[in-house]
Amino acid sequence: MKRVLLFSLLFMFVSHLNTIAKVHAVQSQHTAVLENGIVKLEFDLKKGTYKAIDVKTGKTGLYNVAWKINNYSSKDADSTYFQKYTISNNLGKGYSIELTSIKSGCPDLVFQFDLYEGEPFVLMRGGIRNTTTSAFCVKEIYPVFDGQIFEGMDISKNFKALDGEGGAAATYIRERPSLLSQNNMIIHFGEENKFHSLVGGGISYAEFSKFAQFGEDAKRKKSIMKESIPGLKFVSYHDLGEPESIDYSSPYIIVSNPSDYLFNSAGSFKEAKTVVWDNKEIVMSLKRLEKNKKYIVGLSWCDDTDSRKQSVHLRYNNREVEVIPTVKLPSLEQGMDAQIHYFEIPVEANGSTPQIIIRKESGVNAVVSEAILYEGKLPARLKCIPHKIQCEADNFDNCKINLFAKDAVGKLVDMNQSFITGNDEFYIDFITTNPIYSAEKYAAVLKQRQQIKLNHYYFPTVCLWYAMEPRYGGDIVMGTNDAVGAVEEMERIKDSGFLKYTTVAVRLVPDCYGDNNENGWWDDEHWRMHGSGKQGPGMKLKGAHYRLPYDTTKKWAEKIKELGGLPFTYFQTAVRSNDYAEAHPEHMLFNEAYHKIDKYDALNKNFTSYDFTDKGFLAHMRQVYKNLRDGGIAGMMFDYPYTGWPLYGGMDDKYSTAAGAYRTIYQLAHEGLGDDAYIHERNLVYGSDIALGYVESQRTWGDTDVLTPEMVMKSGLRWYKNRVVVNYDMDAKNLLKAKPMNNSDGLNKLLTMSYITASRLLLANSFGVLTPDHVFKLSRVYPFQQNSQSARPLDAFSSDYPRVYGYKVNEDWCQLTFFNEDEDKAKMIGVQLNGIEGKGGAGLDSNQQYYIYDFWNDQLIGKYDGTAYFEQTVREGEARQMAVRKVLNHPQILSTDRHLMQGMLELSNIRWDEATQKLHCTTDLVEGETMSIIIANNGFTPQQASIEKSGKISVEKLSEQLTKVKVLCDKKSQLTWSISFKE
């Protein structure tokens, strides 16, 4: 009765409020509506579902959508009531509706939906009011549960789905309706001039990781696998290389050393596209097997070359047996289908944690695509016999959309308490049709909502670990990975002359791998005690990372800064040091020095690590960062960040989630080192964006010193988040290994694509091995830009691989990059100049003409109508960088030889004075280096040139069409010059 009275009072209150907030009036007792003139949300309070409608077109973008906490959804509620109110925050003014779903014996579900004036997106958040008689743990929050999209439309037409993964997780465009992505997703479909897009995902992060899912749900996939072996009980399915939501209460398979990869040649067979790999062997553990039950494992794989052979072994009870003898993988290159192999797990293995070892026998590495676990006895016909995997037919009509937050530990809510995820929100936009603009809108709102103030890596970084490691740094190893080596490297950088272009960071890597090490302590004393230890043949090693005369953080860091550089350091996130655990067990999870868990890890063995919710440990970490900041440290890298996820709980703060504790790691570093510091997350295992706002960069690849097409694609398809909410780091690059190696295209390509698709360049080389030409070429991409924009993949949603990138400097000028990923043969690459961005076009004006000037080849390609299809034969392994400028009716600048962006960074205040017929420009000059500027005459004849102060200028008429102006100054200067013309 009280609830009915409350609903009646709310009904009267809201009816009055509607006239104030100008929201849509309540239509009936069982319906609530919220509208902003662009989006309309209609809630069916009786069914516990809602729909979202495009007001302009009347099309329904979302429908049959419920909301859910854990296993309890709005469809299960006995009743639902609502209230509406106005909102005003950093996104603007708008309206919000709060839905409360009530069911006897369950906590109340409380979900809020926001619309803003003039905006096409919906913001969502959820939680509970715990009206039960005991504490409740929130582990999953679904503001969008099992909904459908674009009612009445055929979404199968030219369907594309792009994940929103972070870190080193695989990123690519799917053409099948099967996607589970961390963070967010982009869906696109339709005809050439009539298409639709949807972007959805997390928009703020605090205590939960976010996920976006679309397609035929896992239940259908499970049913297919279940039916593949009649008579067996299906237990679990794992699509390796993709993020997944594991039920830890049932038997499951987990990979101990996952490195994701993508087989593009797998075509539309999504399960074969994504794999995990290892150079030697992939280790998988079988968890929670029940004693006395018989289990069967199925492994699927294929080869994107024609060289891989591998075997499978089972390790348990201190023994190892071969379960699949050496077999050659089916070759996608030869048109073969992927295969699946089955084998039994002996019952006597169930009491332990049996491990599956997939061992490389030949080829580049070992790979596996899927892992399936069944219960029962394996039929004789399947033993040791591989079976082809056929791609099942897609069913677009059965597709569901889910946006959800998930945490392994969850959020504890005491009885009579409430928890609403105010800082863990979701976003969805189905109004914006172009996937490029829709994704960029999402990232802009994410940046604003999360209040991200990103520091840009306008400089390169030399990593001492790479520079001293013969496998990566080259045949000549310069210096050592210690404080003395850091200073010596900075001296080499200064001697090279590179500092006249920008500064350079030098990263010291204190990386002891002994049982007792620097971790946990993170102080000068322990950095003086421990060194790297022997990691590989030929390394130059010393006994400690700090040694005289630079035996403190302050001494070596200040010396780096004195020489003109930035001192960076390195932590192994939550890798244990046993002596620290023994000295401070109260700082460890579960308050134990050696608390065992059932997950083996090569670094932490079977033990938990530091508790980033413990007050004593937090106070200790603040002192750690005070020492680093006082010493002058400007940035740092977190290695092995997966060790910082407390998936097994044991935190002092019983209300903390695992994700919240993980985020605290970076919050401490950010607050301790200051807002101007550079925090790097080597996020190889998880692809979560949970640390956004506290990290400047994320690693997107494992240890490497080369550039591959997959690396370029991964960062390129994250353009909308790159430089906006995080900087993507494709890991170290060796300038001496750039391919092709027989000409300059290899180095030009490496530098170009590192700038265009990533936003940080880590060098595997010491400056001591770089030639003057290497240093000069490197300077052509520095400084990196410091604005929140990256080049768009203009053909991302219309091709098999993005090869065309476009960066709009302004309405009259864009930069085009044609990337030939094939290092063996030339390729024809083109773009429709007036076409749709993202669908093979550059988005230029059809009514204009444009000059196109090639930077690396230093030539004018030509003048083109805006309606033209611009096409080039791009050499093997070449990245062709071009300025595209609208043709004006007076002389105009086309390009410079100073920087890859051809005038965007080094030129300013460009203007044509009609009265004097002079072209004026302000130029940032490098000390002692001549800059050449190419000018299109446009029917005028160059006359005299002048430059202010101590600058020098000369004019060379290249042709009737072009003029070259050369400017020079003996010192670094910003000088204004002008050149007169005669018509």
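Begin with the second largest pocket, which has a volume of about 370 Å³. On a 1 Å grid over the protein atoms alone, a pocket is an open set of points with protein on both sides within 12 Å along at least five of seven lines, and lining residues have an atom within 4 Å of a point. Grid points are joined across faces, edges and corners, and a volume is the space filled by probe spheres set on the points. Select Gln-450, Gln-451, Ile-452, Arg-663 and Gly-693, which are the closest to the pocket's centre of the 18 residues that line it. The lining divides into four nonpolar, nine polar and five charged residues, where Ala, Val, Leu, Ile, Met, Phe, Trp, Tyr, Cys and Pro count as nonpolar, Asp, Glu, Lys and Arg as charged, and the others, Gly among them, as polar.

Before going on, note that this is a predicted model, in which local features need pLDDT of at least 70 and side-chain atom pairs count only at pLDDT 80 or more, while totals for chains, interfaces and linings use all residues. Residues are numbered from 1 along each chain as its sequence is written, and side-chain values use heavy atoms, with hydrogens and water left out.

Turn next to the cavities, sets of points where a 1.4 Å probe fits but cannot get out. A search of the whole structure finds four of 30 Å³ or more, and the largest cavity has a volume of about 60 Å³. To see its lining, select Ala-170, Thr-171, Asp-260, Tyr-261, Leu-262, Trp-701, Glu-710, Met-713 and Lys-714. Both β19 (260–262) and α13 (709–716) supply at least two residues each to this lining; helices (H or I, at least four residues) and strands (E, at least two) are DSSP runs, numbered from the N terminus.

Now select helix α7 (residues 483–496) and helix α9 (residues 553–562), whose axes come within 9 Å and cross at roughly 5 degrees. α7 is therefore roughly parallel to α9, a description used for angles under 35 degrees. Axes are lines fitted to C-alpha atoms, for helices over the stretch in contact, and angles run from 0 to 180 degrees between N-to-C directions. Show the side chains of Ala-483, Ala-486, Val-487 and Met-490 in α7, which meet Trp-556, Lys-559 and Ile-560 in α9, contact meaning heavy atoms within 4.5 Å. The residues of this contact divide into six nonpolar, no polar and one charged.

Technical notes
Parallel < 35°, antiparallel > 145°, perpendicular 65-115°, else oblique.
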